[in-house]
Amino acid sequence: MLRNREYRVLLLMMCLISIVAVIIAAVISPMTLVLTLITSALLIGCCLVFTRWRYREIEKLSGYLRQISGGDYSLDVRDNQEGELSILKNDIYKVTLMLSEQSSLLQQEKIELTNAISDISHQLKTPLTSMTMMADLLSNPELPVEKRREFTRNIRIQLERIGWLVSSLLKFSKIDAGTALFKHDQIVVKKLIQRALEPVLIPMDIKEQKLSVIGEDNATFIGDLNWTAEAMINILKNCVEHTHVGGEINISFSENALFTEIIVADNGKGIPKEDIPYIFNRFYKGKNASEDSVGIGLALSHSIITSQNGDIEVKSGKEKGTQFRIKFYKVTN
């Protein structure tokens, strides 16, 4: 304690005051001198005991902080008493809880990152292995022309699949990192639907599927046309893929004082009940997913929509079709 300059100054001041009091008491009477000496000794002794106690408490807190820096967040130093040390203990405990939560989140993120890398590796490994085999076969000069064309076409398909996967993952990374720049333009829903339908019109025509689009011509919302079109394309591709030949896909949209709503529904084979809670999870493949599915399209759509003050929910049943209900809420200040 004596190494503490503030404590030395305090002790010196108390000793000086005691000496002055003793001198004055000695002039007054011997009894006063004795009482002054006893009182001074008791005061200095209480100061020493109190200071020693505070040192011990601070030493405990220092040890607690060292344990926190070592990653141990299990200790509880909460103190319901009044006083500066109690306030400090409670504040340290609050910080400990916050650090514990952040540590748990970081650990969870590491696990998710590891799982994502594993999923990505698996998704890339399959087409790469397939292309390697076909490339080896193409090197055979005696390979028939028809087989050569077939293998070349399959390699091109696999390359397009890898390109789409990498592109989607890059978009995911931008959204996760908060670097995706979403514009805040007024989007006409009718124009959005027209853009989103362009890539799926040919697959729909091949499967002879019927399309119905109904909505208010003046329905709008605030968002980014390009990103939102990307989300809608993935949803429409899912509907086309899981709707049988000659099926129907219906799109309706409307606007009210609270939100703008877009509903995309099909009469396809639907989504099993047990898959519905997970269809927006990355790399999740439901029971009805095709072999070429990588389970990333709907997850990307979900991220894009929710990043623009929106929400998406799905209703479906086996052989009862699927309905995607998208809402873009009005931005309130």
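How many helices and strands does the chain have? In this predicted model, the count comes to 8 helices and 7 strands. Of the 333 residues in the chain, 34% are classed as buried. The accessible surface amounts to about 21300 Å², and carbon and sulfur atoms contribute 59% of that area. Contacts across the sequence are also worth a look: taking those between residues at least 6 apart, 68% join residues at least 24 apart.

Five strands form an open sheet in the order β2-β4-β5-β7-β6, and their pairing is mixed. Strands β2 (210–215) and β6 stand at the edges; each has a single partner strand, so one side of each lacks a neighbour in the sheet. From one strand to the next, the twist averages 10 degrees. Within this arrangement, β4 (residues 248–255) and β5 run antiparallel and are joined by 7 bridges.

The structure holds 7 salt bridges. One of them joins arginine 325 to glutamate 261, with 2.8 Å between the closest N and O atoms. This pair links distant parts of the chain, since arginine 325 lies in strand β7 (residues 322–329) and glutamate 261 in strand β5 (residues 259–266), 64 residues apart. Are these two residues, arginine 325 and glutamate 261, buried or exposed? Both are buried. Arginine 325 has a further salt bridge with glutamate 313, for which the closest N and O atoms are 3.9 Å apart. Here the partners are 12 residues apart, with glutamate 313 in strand β6 (residues 310–316) and arginine 325 in β7. Glutamate 313 has a relative accessible area of 34% and is therefore partly exposed. Taken as a group, Glu261, Glu313 and Arg325 are linked in a network of salt bridges.

The side chains of lysine 171 and glutamate 230 meet at 3.0 Å, N to O. Lysine 171 belongs to helix α4 and glutamate 230 to helix α7 (residues 225–241), so that the pair links parts of the chain 59 residues apart. With a relative accessible area of 21%, lysine 171 counts as partly exposed, because the buried class requires a value under 20%.

Helix α4 (residues 145–177) also contains leucine 165. At 3% relative accessibility, this leucine counts as buried.

Val9, Leu12, Met13, Leu16, Ile19, Ile23 and Val27 make a nonpolar surface patch of about 680 Å². Among these residues, methionine 13 is found in helix α1 (residues 5–28). The relative accessible area of methionine 13 is 46%, which means that this side chain's residue is partly exposed.

Notes: Residues are numbered from 1 along each chain as its sequence is written. This is a predicted model: local features need pLDDT of at least 70, side-chain atom pairs count only at pLDDT 80 or more; totals for chains, interfaces and linings use all residues. Side-chain values use heavy atoms; hydrogens and water are left out. Helices (H or I, at least four residues) and strands (E, at least two) are DSSP runs, numbered from the N terminus. Buried means under 20% relative accessible area, exposed over 50%, partly exposed in between (1.4 Å probe, protein chains only). Contact means heavy atoms within 4.5 Å. Accessible areas come from the Shrake-Rupley method with a 1.4 Å probe; for residues, only the protein chains shown count as cover. Patches are made of residues with over 30% relative accessible area and no salt bridge: like charges are joined within 9 Å, nonpolar side chains (Val, Leu, Ile, Met, Phe, Trp, Tyr) within 5 Å. A salt bridge is a side-chain nitrogen of Lys or Arg within 4 Å of a carboxyl oxygen of Asp or Glu. Two strands pair if DSSP finds at least two bridges between them. Axes are lines fitted to C-alpha atoms, for helices over the stretch in contact, and angles run from 0 to 180 degrees between N-to-C directions.
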